[in-house]
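Colleague: I am new to this one. Can you take me through the terms and show what each one rests on?

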Amino acid sequence: MEKDPRIKALTRATGIAKRTSKDVESYERELVELTAKLNVMISEGKDKYEIKQQTGAVEETKAVIPDCKRRKELAISDLRSMLENLKDLSATEEYVTAQDLVARVAAEE
């Protein structure tokens, strides 16, 4: 028996939401690491060119985060809508997984 196409769509939406959540976490962690490295470089009096390069890396990471957050919010919003419309699938593992993800993201905010 073939899976209900709604379950496939729910699984896909859950995957997108997980990936975008991980992207935001990764970029935020990277920003902290790059900023710390920049501060060490400045305090050690490193070459101005190296500091400029590191500053550029920090700025690039800062620029990416808002878009990642927007995509994450959109993915979670889409997933919430799907869950609301697919309550008849609430006994499935895929539904529970999606619900857990939405709850975890809500708890982080």
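Modeller: Helix 1 and helix 2 are roughly antiparallel to each other. Keep in mind that this is a predicted model.

Colleague: Why are helix 1 and helix 2 called roughly antiparallel?

Modeller: Helix 1 and helix 2 pack at an angle of about 160°. Angles over 145 degrees count as roughly antiparallel. Therefore the term applies to helix 1 and helix 2. Their axes are 8 Å apart.

Colleague: What is the handedness of the crossing of helix 1 and helix 2?

Modeller: Helix 1 passes helix 2 in a left-handed crossing. The residues of this contact divide into 23 nonpolar, 7 polar and 9 charged.

Colleague: Which residues make the contact of helix 2 with helix 3?

Modeller: From helix 2 come Lys72, Ile76, Leu79, Arg80 and Leu83. Helix 3 brings several, including Tyr95, Ala98, Val102 and Val105. By class, this contact has 9 nonpolar, 1 polar and 3 charged residues.

Colleague: Now Gln54. How do you know whether Gln54 is buried or exposed?

Modeller: Gln54 has a relative accessible area of 9%. Buried means under 20%. So Gln54 is buried.

Colleague: Where is Gln54, and what is Gln54 in contact with?

Modeller: Gln54 sits in helix 2. Leaving aside neighbours within four places in sequence, Gln54 is in contact with Leu34, Lys37, Leu38 and Met41.

Colleague: Which residues of the largest nonpolar core touch the most other members?

Modeller: Leu10, Ala17, Leu79, Leu83 and Tyr95 do, out of 15 residues in that core. Helix 1 (5-43), helix 2 (48-85) and helix 3 (93-108) each supply at least two of its residues. The largest share, 5 residues, comes from helix 3. Apart from this core lies another, of 7 residues, among them Leu31, Leu34, Met41 and Val58.

Colleague: What is Leu10 in contact with?

Modeller: Leaving aside neighbours within four places in sequence, Leu10 is in contact with Leu79, Met82, Leu83, Leu86, Glu94, Tyr95 and Ala98.

Notes:
Residues are numbered from 1 along each chain as its sequence is written. This is a predicted model: local features need pLDDT of at least 70, side-chain atom pairs count only at pLDDT 80 or more; totals for chains, interfaces and linings use all residues. Side-chain values use heavy atoms; hydrogens and water are left out. A nonpolar core is a set of buried Ala, Val, Leu, Ile, Met, Phe, Trp, Tyr and Cys residues joined through side-chain atoms within 4.5 Å. Buried means under 20% relative accessible area, exposed over 50%, partly exposed in between (1.4 Å probe, protein chains only). Helices (H or I, at least four residues) and strands (E, at least two) are DSSP runs, numbered from the N terminus. Contact means heavy atoms within 4.5 Å. Axes are lines fitted to C-alpha atoms, for helices over the stretch in contact, and angles run from 0 to 180 degrees between N-to-C directions. Angles under 35 degrees count as roughly parallel, over 145 as roughly antiparallel, 65 to 115 as roughly perpendicular and the rest as oblique. A crossing is left-handed if the near helix is turned anticlockwise from the far one by less than a right angle, and right-handed if clockwise. Ala, Val, Leu, Ile, Met, Phe, Trp, Tyr, Cys and Pro count as nonpolar, Asp, Glu, Lys and Arg as charged, and the others, Gly among them, as polar.
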